[in-house]
Amino acid sequence: VDKHYKHDFHNDVVILDRLSQFYFLSAQDNDSSRAIFHKLVLHSLCRQILDQPKKIDNKDKKKKNKLPKSFAPKKSIITNFNSLHPTEIARQLCLIEQAVYNKISPKECLHQSWAKEEKKDQSPNICSMISQFNLISNWVASEIVKVEDIQTRCVVLNRFIIIAEECRAIHNFNAVMEILAGLQSAPIYRLKHTWALLPSKTWDIWDNLNSIMSNKENYGNYRKMLKEIELPCIPYIGIFLTDFVFVEDGNKDYVEESNLVNVTKMRFIASILYGLNRFQHVNYNFKVVPTIQAYLLTLQIIPDDELKRLSLAAEPRGK
């Protein structure tokens, strides 16, 4: 029991069977006060691990099951990014990313396993989140630089800022950071003439998004907002990973000159795990739009060297 997390018992039949046997054998000797104590403790533990969630009141269930109006495209195949509604893109990104985020188990977060050679085996879902982040960031840059006309390019730039704002409104901060990373990449950020055409309202949105996700004071604004945020929410996965690295590298597993476990370090790790786990239990109530999800899962990305070339072609240096 002490070598596994609660999450493991729901997904592994073998350790679930071992727990059942352990519970049964420990409760056999009813004449022993110690056995009675073990029985009470194990009974409580098993209840916590195995009990099903409480039933939701029918009235509340109906409210939660009511889907918001969908902005699904009329065509079955999407070829033009501009034909998609920004709100629906944000919603489908939420559904795609939450499906992966909810699968992240505590084991994946320990010992920086997402950065090791066997990362795909040890931290498959964290690796998927990282790949998703890079995919969306590169997609944002690709969609902008491939447009030759400056007016149209500004429309695409404006559209991505609106999508980022839609993601913020529905509390998908991971997607917000993905889009900001793409817009702040060198090939896009240097397009000064394109940026200059943005309307003032879009600049206000841009400034607000950057203020929220600013890394000043260790992402102070974002962390403060996250403490008070209403669920559902997808937090920015990168900050959790940074926190894990900081705790792992800055604290030893054992107290110096002893065999005692460094409890302070364990508490830090548990606190970060709790923060990550907190957002895995309330799901978004959006309708799946297969055509948009298929589009977002098969995005066409331009390589870095080509991004640079297209950016310089759009706005040459010194002009």
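Analyst: Let's start with a definition: a residue is buried under 20% relative accessible area, exposed over 50% and partly exposed in between (1.4 Å probe, protein chains only). Heads-up: this is a predicted model, where local features need pLDDT of at least 70, side-chain atom pairs count only at pLDDT 80 or more, and totals for chains, interfaces and linings use all residues. Residues are numbered from 1 along each chain as its sequence is written, and side-chain values use heavy atoms, leaving out hydrogens and water.

User: Is M266 buried, partly exposed or exposed?
Analyst: M266 belongs to helix α15, residues 263–277. (Helices are DSSP runs of H or I, at least four residues, and strands are runs of E, at least two, numbered from the N terminus.) With a relative accessible area of 37%, M266 counts as partly exposed.

User: How many helices does the protein chain have?
Analyst: The chain has 319 residues, and 41% of them are buried. As for strands, the count is 0, while the number of helices is 17.

User: Which residues of α17 are exposed on the side away from its buried ones?
Analyst: Helix α17 runs over residues 304–314, and L307, L310 and S311 are its buried residues. Those three sit on the same side of α17 because they cover an arc of only 105° around the axis (using directions from the helix axis to the C-beta atoms). In general, an α-helix has 3.6 residues a turn, so residues three or four places apart point the same way.

User: What share of the contacts between residues at least 6 apart joins residues at least 24 apart?
Analyst: A contact means heavy atoms within 4.5 Å. The cover over the buried residues of α17, for one, includes α7 (124–145) and α10 (186–189). Across the protein chain, the share joining residues at least 24 apart, among contacts at least 6 apart in sequence, is 71%.

User: How far apart in sequence are the parts that W139 and F160 tie together?
Analyst: Phe, Tyr and Trp rings (for Trp, the six-membered one) pair if their centres lie within 6.5 Å; planes under 30 degrees apart are stacked, over 60 edge-to-face, the rest tilted. The count is 12 aromatic pairs, and the W139–F160 pair is edge-to-face, at 5.0 Å centre to centre with 85° between the planes. W139 is in α7 and F160 in α8 (residues 150–169), so the gap between the parts they tie together is 21 residues.

User: Which residues do ring pairs link into a cluster?
Analyst: W139 and F160 are both buried. Ring pairs link them into a cluster whose members are F81, W139, F160 and Y295.
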